[in-house]
Amino acid sequence: MARVLLENVTLEKGILCPVHSLTLEVRDKEFVSLLAPSGSGKTTTLRIVAGLDRPEKGSVWIGDEEVGDMTPAERDVAMIFQTYALYPHVSVRDNLASPLKVRKTPETEIDRSVKEVAEVLHIEDLLDKRPVTLSGGEMQRVAIGRALIRKPRVYLMDEPLTNLDAKLRVELRAEMKRLQKELGQTTIYATHDEVEALAMSNRIAVLNQGRLIQYDAPEAIYTHPKNTFVARFVGTPAMNMIPCSLEEKHGRKILQAGAFEYDITDFAEAVQGKATGDELVLGVRPAHVELHSKPPVDGGIQASVYVVEPMGRMTIVDVKVGENVFKVKVPHLFEGKPGDSVWISLDPRSVHIFDRKTGEAIA
Amino acid sequence: MQRRTKRQVKRIIRYALIIVVTAFFIFPLIWLGLTSIKPRAVLFDKPSWSSLFFEPTAKNYIDVFYREQYGLPPVRTYFEMLLVNSLLISLASVGLSTIIGTLAAWAFSRFEMRGKNTMMFFILSTRMLPPIATLVPLYLLYRALGFMYTHHGLILLYTMFTLAFSVWMMKGFIDEIPKELEEAAMVDGHSRLGAFFKATLPQALTAMAATAMFCLMTAWNEYAFALVVTGTDWTHARTAPVQLAKTFGESGYNWGLITASELIYLIPVIIITFIMQEYLLRGITFGTIKR
């Protein structure tokens, strides 16, 4: 149990997914997700913490120690590899027992721990098999087990749930969250799945191309994305992003998007203060767009139905406003057909405005 | 019904092909065996297939170990000692070469180092010169070092011959073993070298067996250097190939004796090959199959 601190960590040379001047603090007992698309340096970051890669610049702290010169064994971390990295020549049981055996744990305790972990991960029946005979999901659970069996200072997990089928993934997600809370283990969890990150973490660090973009609680990441990258990446379906420009019309400030305009007179000053120009992006999540079959009283935006995707308990409707397509999440069955005329209105509290040049959030 | 006959025809063709190819490769061995048990009188019968029917004799095999002398009791040839020499020298050099080669290959495969490719090329380049070109300098060197007529002299020599090959071959194999295995072992708590023994070595064993087999063939059959180092005089380190060649030259072409000696000379390699067969096959196909 320990906090982890990365200070200006840079690793660029000869590495596939470099990390640039990354500073990240993970508090003791905290569960932090590194959320990023593939190739953004998540794995590299974990490897640096584990001591498998040495950063060119910056320092790494675990607990109150600078661990830069320590070997992976001395750092006392456990890592789940994306490729599982199970020892192919020994049984599942020996794979699980391996980290305890090196540390000279008594046999009886090893047996007990193996049993415990196997039970949590539903792999009791596999204990005497060789890894090559297992399916991807089973191997992944063994890999998780090999990390969980130990009580290290930090858990490092590199996409541990990606190869599981949907049902098991949800089950293990909850199980791992519970375990982490119960054990109070500091955990860094790399994933490209925003649902996992939102569901499990205390805080989420969003990375893009080896740089930290936003580091905040899940709700804050969702409701206040710092820039267009985070806004697009977090949330399914992705946020609607409509390029527009700030204009004045009849004494009111509006966002002009060609086929429609959006009145922002009330907070125009704040927008103008932060924006680098008049070129902006209007962002609104599909869940925050309302769909009407008749024109609403406060004057909606006229649109036509483009695609209808029923998802069971909700429907995702793509509507076309001029050349722009809005995705709308409708919390019920949608009866319209493509081509039907509809009206949409945007929830003013949930509208995001970004600077088109810098991508930074303005309001 | 028709499909079944078709399948059977296919199978017959397949086996026929296998038999033809096998026969092609095994024919020299069979002829060697036949010649070695033929009495001298029928050896040169023409055409040669007419001598397929003869009374087998074990005389040639006895001659390998005891040489007759006119009017005197037969003397021992100590051919078994030469076999022991060959075995000892080959196995020692193969062991050394495989172990050193594996460790070097691991280092080349896993560690960042400056001029890695240059070094690998340098190792390979030691085999580009025709070996015979180094014969004279080596002779002078060995004489100065006192390595002439010694076992360790030849062991060192053969280790050097085969090391380039084993480094390159093992590098290829070890590159195929995911390095995450070692990294997982390190995170588990092993040291750098401990991780190699725990995670990579068990995976490399089949490859090592295959490499060792190839090295063994080189060392076991080597003639030119063995002749220079151990052949000029009767010495206790002389290897079997040298003596085989002397058999050709000194007592006329006694083909029965030659073939019998060669068959005996083959036996240790055949035994070793059979023992290693399973490893060997796995080793040769290693990396060609996506696991």
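Reader: Is A:Asp278 buried, partly exposed or exposed?
Author: This is a predicted model, where local features need pLDDT of at least 70, side-chain atom pairs count only at pLDDT 80 or more, and totals for chains, interfaces and linings use all residues. Residues are numbered from 1 along each chain as its sequence is written, with chains lettered from A and ligands numbered from 1 in the order in which they are written. Buried takes 20 or more other C-beta atoms within 10 Å of a residue's own, exposed means 12 or fewer, and partly exposed is in between, with C-beta atoms placed from the backbone. A:Asp278 has 14 C-beta neighbours inside 10 Å, so it counts as partly exposed.

Reader: Which residues does A:Asp278 touch, leaving out those up to four places away in sequence?
Author: A:Asp278 sits in the loop between helix H10 (268-274) and strand E14 (279-284) of chain A; helices (H or I, at least four residues) and strands (E, at least two) are DSSP runs, numbered from the N terminus. Touching means that C-beta atoms, placed from the backbone, lie within 7 Å. On that count, its partners are A:Ser245 and A:Leu246.

Reader: How far apart in space are A:Asp278 and A:Arg356?
Author: Along the sequence, 78 residues separate A:Asp278 from A:Arg356. Going C-alpha to C-alpha, the gap in space is 8.7 Å.

Reader: What share of chain A is buried?
Author: Chain A has ten helices and 20 strands. Out of its 363 residues, the buried share is 40%.

Reader: How does H3(B) lie relative to H8(B): parallel, antiparallel, perpendicular or oblique?
Author: Helix H3 (residues 79-110) of chain B packs on helix H8 (residues 192-221) of chain B at about 140 degrees, axes 8 Å apart. Axes are lines fitted to C-alpha atoms, for helices over the stretch in contact, and angles run from 0 to 180 degrees between N-to-C directions. Under 35 degrees is roughly parallel, over 145 roughly antiparallel, 65 to 115 roughly perpendicular and the rest oblique. So H3(B) is, relative to H8(B), oblique.

Conventions: Contact = placed C-beta atoms within 7 Å.
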